[in-house]
Amino acid sequence: MSSEIQAAHGASPSTLPQRALGQTGHAATLFGLGGEGVLRTYDRTAEAVRVIHRALDHGINYCDTAPAYAGSMDYYGAALGERRSEIFLASKTHDRTRDGSLQLLDKSLQRLRTDHLDLWQLHDLRTTTDLARIFGKGGALEALVQAREEGRVRFLGLTGHHDPAILLEAMRRFPFDTILVALNAADVHRLSFISTVLAAAAQRGMGVIGMKVYAQGTLLDRDKLTADDAMGYVLSLPGVSTVVIGCSTPAEVDDNVRIAQQFCAFDASRRRALEARTQRYAAQCTTYKKS
């Protein structure tokens, strides 16, 4: 970042630890900015831009969004400008068809005010019907491959938090570069993504982006886990590249940056202890999984 840009935004970048994002060649900061929080709203551009700029000022270099996240892409489009090159920008398609996905990509690039995505992902895979449509003739996978060939996206990924078996089958069918998956200290108690999807992704050399690290705040309380516990647990899982967290204020960005900066890997016994502490309220922290 130039000194002029630093001066304009009031901060120099923090020293944030980085990890390889699979085999993409990108070294991602341990904390990436999610597309939720204030970014998943409408008509709050000034607040959202402040959050994005604070993240960039800290040196955060992985940013997540999706067409389904309200005004998130428009906020990024308003905020990035000449700073677009500082980040690895990830978005998604929730459409299951080739044509619908390509139309979404056109609109996404317009809203983001960029000519390419660094990562384009199949959004929220849940059912065998999703798989049949995506991988069938005229399905969304054709759009991903075409967009990569055209240079409009660099890497391909998938996302999910509903059913580990669906993600495993999708990974078996195509060599995706990354996976965005729900990972937290309550995961192990039912339909675990850690013991299945994370392990398979690591074996394939995929970049793994953890989401739902705080389980939308349900993991965090005085008698539950601290944010340091929750993020530290996920970053200590073998194979995890980064975590994405939505923020509502610049102060929330600052706190997540602090945790990432101070992170030291938890050993297995500490991870098991945190899992044990979540058992009694695990159900309320994993409502996103299939029942």
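Which residues in helix 2 meet which residues in helix 10? On the helix 2 side they are Arg 50, Val 51, Arg 54 and Ala 55. Their partners in helix 10 are Pro 250, Val 253 and Asp 254. By class, this contact has 4 nonpolar and 3 charged residues, and no polar ones. The model is a predicted one.

Now take the geometry of that pair. Helix 2 spans residues 45–57, and helix 10 spans residues 250–262. Their axes lie 8 Å apart. The packing angle is about 25 degrees. That makes helix 2 roughly parallel to helix 10, because angles under 35 degrees fall in that class. The crossing of helix 2 past helix 10 is right-handed.

Step back to the whole chain. It has 12 helices and 10 strands. Along the principal axes, the C-alpha atoms fill a box of roughly 50 × 45 × 35 Å.

How much of the chain is buried? Buried residues account for 56% of the 291.

Two alanines deserve a look at the backbone. Start with Ala 70. Its phi is positive, about 50 degrees, although the residue is not a glycine. Where does Ala 70 sit? It is found in the loop between strand 4 and helix 3. Strand 4 covers 62–64, and helix 3 covers 72–80. Is Ala 70 buried or exposed? Ala 70 has a relative accessibility of 12%. Buried means under 20%, so Ala 70 counts as buried.

Turn next to Ala 215. Phi of Ala 215 is near 50 degrees, again a positive value in a residue other than glycine. Ala 215 also belongs to a loop, here between strand 9 and helix 9. Strand 9 runs over 207–211, and helix 9 over 227–235. The relative accessible area of Ala 215 is 6%, so this residue is buried.

Then find Ala 70 in the loop between strand 4 and helix 3. End at Ala 215, in the loop between strand 9 and helix 9.

Conventions: Residues are numbered from 1 along each chain as its sequence is written. This is a predicted model: local features need pLDDT of at least 70, side-chain atom pairs count only at pLDDT 80 or more; totals for chains, interfaces and linings use all residues. Side-chain values use heavy atoms; hydrogens and water are left out. Axes are lines fitted to C-alpha atoms, for helices over the stretch in contact, and angles run from 0 to 180 degrees between N-to-C directions. Helices (H or I, at least four residues) and strands (E, at least two) are DSSP runs, numbered from the N terminus. Angles under 35 degrees count as roughly parallel, over 145 as roughly antiparallel, 65 to 115 as roughly perpendicular and the rest as oblique. A crossing is left-handed if the near helix is turned anticlockwise from the far one by less than a right angle, and right-handed if clockwise. Contact means heavy atoms within 4.5 Å. Ala, Val, Leu, Ile, Met, Phe, Trp, Tyr, Cys and Pro count as nonpolar, Asp, Glu, Lys and Arg as charged, and the others, Gly among them, as polar. Buried means under 20% relative accessible area, exposed over 50%, partly exposed in between (1.4 Å probe, protein chains only).
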